[in-house]
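Have the viewer open as you read.

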Amino acid sequence: MTYEVAIDGLTSTGVRNYRLELSRADGRWLCRLDGHEIEVDAVLARPGVLSLRIGNKAYEVRYERVAGEQYLWVGSARFTAEVRDPRSLRGRVRAVDDSGPRKLTAPMPGKVVRVLASQGAQVEAGAGVMVVEAMKMQNEIKSPKKGVIQRILAAEGTAVNAGDVLAIVE
Amino acid sequence: MFKKILIANRGEIAVRVIRACHEMEIAAVAVYSDVDRASLHVRKADEAYPIGAAAASESYLNIEKILDVAARSGAAAIHPGYGFLSENAKFARACADAGVKFIGPTAAAMDAMGSKTRARQAMERAGVPMVPGTSKGLESYEQAEQVAARIGYPVMLKAAAGGGGKGMRLVHSQAELKSALESARSEAERAFGDGEVYIEKAIVNPRHIEVQVLADEHGNTVYLGERECSLQRRHQKVVEEAPSAIVDADMRRRMGEAAVRVTQAAGYTNAGTVEFLVDQAKNFYFLEMNTRLQVEHPVTELVTGLDLVHLQIRIAAGERLPFTQEEVKIRGHAIECRIYAEDPDNNYFPSPGKVTLLLEPSGPGIRLDSGVYEGWTVPMDYDPLLAKLIGYGTDREQAIDQLLRALDEYFVGGIKANISLFRRILRDPDFRAAKLDTGFLDRMLKQRKTEARPDDNAAEVAAIAAGLFAMLGPAAASAGERASNGAESVKKDSSNWKAAARREAMQ
């Protein structure tokens with residue numbers, strides 16, 4: 001498999017894109033990162049926890065998925081990762097499949113202060129759909145995928161709880 | 001000894017008390033609200049009873065419902081934990097009337113200590129050192145102005161019924177006094193139904209040091225050393241330790257003896273805590289008495305080798321204290337970090353939700369008192385304390401190093417936790433030098449983060465791991481997601497051959 005991996009979380013450089021080739025032969029992983037061959041030995045210790053040996057260096061990488069974003073933790077450093085399969089017809093796949101309707105949920109209790117997209121509107125992945133304010137802080141709730149806003153479930157001024165479904169993108 | 005105890009609480013403290021019950025071969029009865037059916041304390045208990053809606057007033061604060069469960073279950077005693085009904089004299093009285101032993105002080109002792117102004121009056125009589133100020137509620141703005149002028153600015157306005165920083169205002173000059181008094185009064189009225197406010201001289205950059213006391217019902221009272229609780233945010237403790245780096249044997253004895261006088265003056269029994277403010281010249285002043293088991297009690301347990309919950313239960317059962325003051329020894333150093341479900345990158349905003357991945361630290365010197373488990377959803381209805389991580393070492397430096405190591409092992413996924421805050425605190429040069437006061441944390445948080453920036457190498461590791469997780473599919477990424485939304489993930493992964501291909505890829 002060949003992936004394009006976008007990693008965010010490096011304070012200095014912003015998003016960094018990698019081209020990652022992964023395949024399996026004779027019980028070993030073959031890994032090329034931006035064309036350079038890297039010796040990788042991976043064991044899934046338990047769901048969400050990958051024990052990696054890169055050369056002889058050992059890493060425990062933890063996986064977390066929150067509000068449509070996937071995070072990878074290497075030690076105490078947290079990275080946002082977006083994985084695309086350039087061969088895929090849909091153009092983008094995340095670790096979890098993107099087909100079917102997706103819910104946009106409130107990440108925290110607060111109040112909807114603006115609805116940015118109307119029902120039936122076309123949205124790109126990452127486009128802002130609404131703004132939720134909590135303790136005077138505004139948080140843009142973004143569409144997890146490209147699609148059509150099927151329903152808007154919270155009007156401006158509505159108080160919402162964490163996890164409440166705000167909109168559905170099909 | 002009691003055969004059965006009801007725990008009128010939830011979260012980590014309910015689990016803590018249930019554990020003590022089981023160690024003493026006492027059956028533990030849990031109560032839970034509608035959103036707590038799946039909570040850890042229900043899983044650990046021997047019996048569990050629903051007591052109503054999520055709102056605490058409908059459940060954990062509802063005296064009638066809790067006493068009804070006590071009667072139905074045949075519990076002989078009630079442990080209130082901390083918070084909720086733990087310092088409610090009306091509840092203690094209702095327990096006594098119902099013939100159930102309240103594990104804590106008597107209602108009368110709570111009344112004496114529950115009002116901060118009445119406590120001040122009692123302490124004045126007992127000769128306990130106090131911060132200059134009024135021991136009665138302020139009658140008028142004019143009186144406030146006079147007292148403030150006499151004791152000198154800055155002054156602190158405090159709610160008589162207060163706690164947790166509510167109804168509290170720091171006033172730097174006369175110009176601010178009037179509006180501060182009005183807002184303190186209305187906040188106290190809203191929070192406690194009692195607008196009584198009094199005034200104290202504000203001690204600049206004080207330390208907050210408290211003394212643990214235990215009193216049996218036969219007139220024996222002991223102190224168990226102090227806890228340094230100066231690291232606070234919005235008047236809530238964040239890190240606590242025992243012993244305090246500035247308290248030597250002589251000061252410990254003087255503070256302890258003052259705390260025992262406070263305890264005896266109130267006719268207090270069971271476990272309690274006497275809080276002191278300590279100024280830069282190490283003068284200590286009585287602040288208030290907390291008539292409950294404290295959140296931070298484990299640090300005292302570790303340095304004294306005593307189990308406070310066991311002792312609370314024994315005292316409530318009428319036993320005598322099994323040791324004397326001379327037998328109490330302080331050994332080693334313990335530090336507690338309060339792990340909260342809150343977002344350090346978003347102004348410590350509460351972050352309830354589902355815990356999708358939980359990796360808990362262990363090993364030498366580490367104690368974890370936790371109320372969560374993987375797959376559980378932290379409800380938004382209560383205090384967001386998830387767990388208490390406590391390090392215990394030969395000395396302060398070793399305890400800090402153990403905690404830093406444990407924090408690296410600790411991982412809470414799916415919700416935000418304040419773990420990174422403790423990395424910052426424990427690495428801070430002033431913290432390591434024990435230069436602490438109640439303004440420490442606000443000052444530290446104003447500074448820019450100096451945490452080591454992730455390097456390119458770690459980013460490459462993350463990129464490789466991201467690709468591996470993508471190849472392995474959703475089941476490899478998260479146990480929590482699969483366990484709770486099994487049907488959904490099957491539907492998403494409708495093509496079986498794709499799943500088979502993934503499995504092959506991993507072999």
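Keep in mind that this is a predicted model. Chain B and chain A bury about 4800 Å² between them, and 70% of that comes from carbon and sulfur atoms. On the chain B side, a trio stands out: Phe349(B), Ile464(B) and Phe469(B) supply 13% of the area that chain B buries against chain A, more than any other three residues. Counted by contacts, 53 residues of chain B touch 56 residues of chain A.

What about the polar side of things? The rule finds 6 residue pairs in polar contact across the interface, both partners at pLDDT 80 or more. It also finds 1 salt bridge there: the side chains of Arg46(A) and Glu374(B) meet with N to O at 2.7 Å.

Which elements of chain B do the touching? Those giving two or more residues include strand S18 (357-359), helix H12 (396-409), helix H16 (456-472) and helix H20 (496-506). H16(B) gives the most, with 17 residues. Here's how the chain B side splits by class:

| Class | Chain B side touching chain A |
|---|---|
| Nonpolar | 30 residues |

Now over to chain A, where 4 strands make an open antiparallel sheet in the order S9-S16-S14-S11. S9 (102-105) and S11 (122-123) of chain A sit at the edges with a single partner strand each, so one side of each has no neighbour in the sheet. Strands S14 (147-152) and S16 (165-169) of chain A pair antiparallel over 3 bridges. Arg151(A), for one, has Ile168(A) in S16(A) as its bridge partner.

Terms used
Residues are numbered from 1 along each chain as its sequence is written. Chains are lettered from A and ligands numbered from 1 in the order in which they are written. Side-chain values use heavy atoms; hydrogens and water are left out. Contact means heavy atoms within 4.5 Å. Buried area is the accessible area (1.4 Å probe) that two parts lose on being put together, summed over both. A salt bridge is a side-chain nitrogen of Lys or Arg within 4 Å of a carboxyl oxygen of Asp or Glu. A polar contact is a pair of N or O atoms within 3.5 Å; within protein, one must be able to donate a hydrogen and the other to accept it, and residues adjacent in sequence count only if both atoms are side-chain atoms. Ala, Val, Leu, Ile, Met, Phe, Trp, Tyr, Cys and Pro count as nonpolar, Asp, Glu, Lys and Arg as charged, and the others, Gly among them, as polar. Two strands pair if DSSP finds at least two bridges between them.
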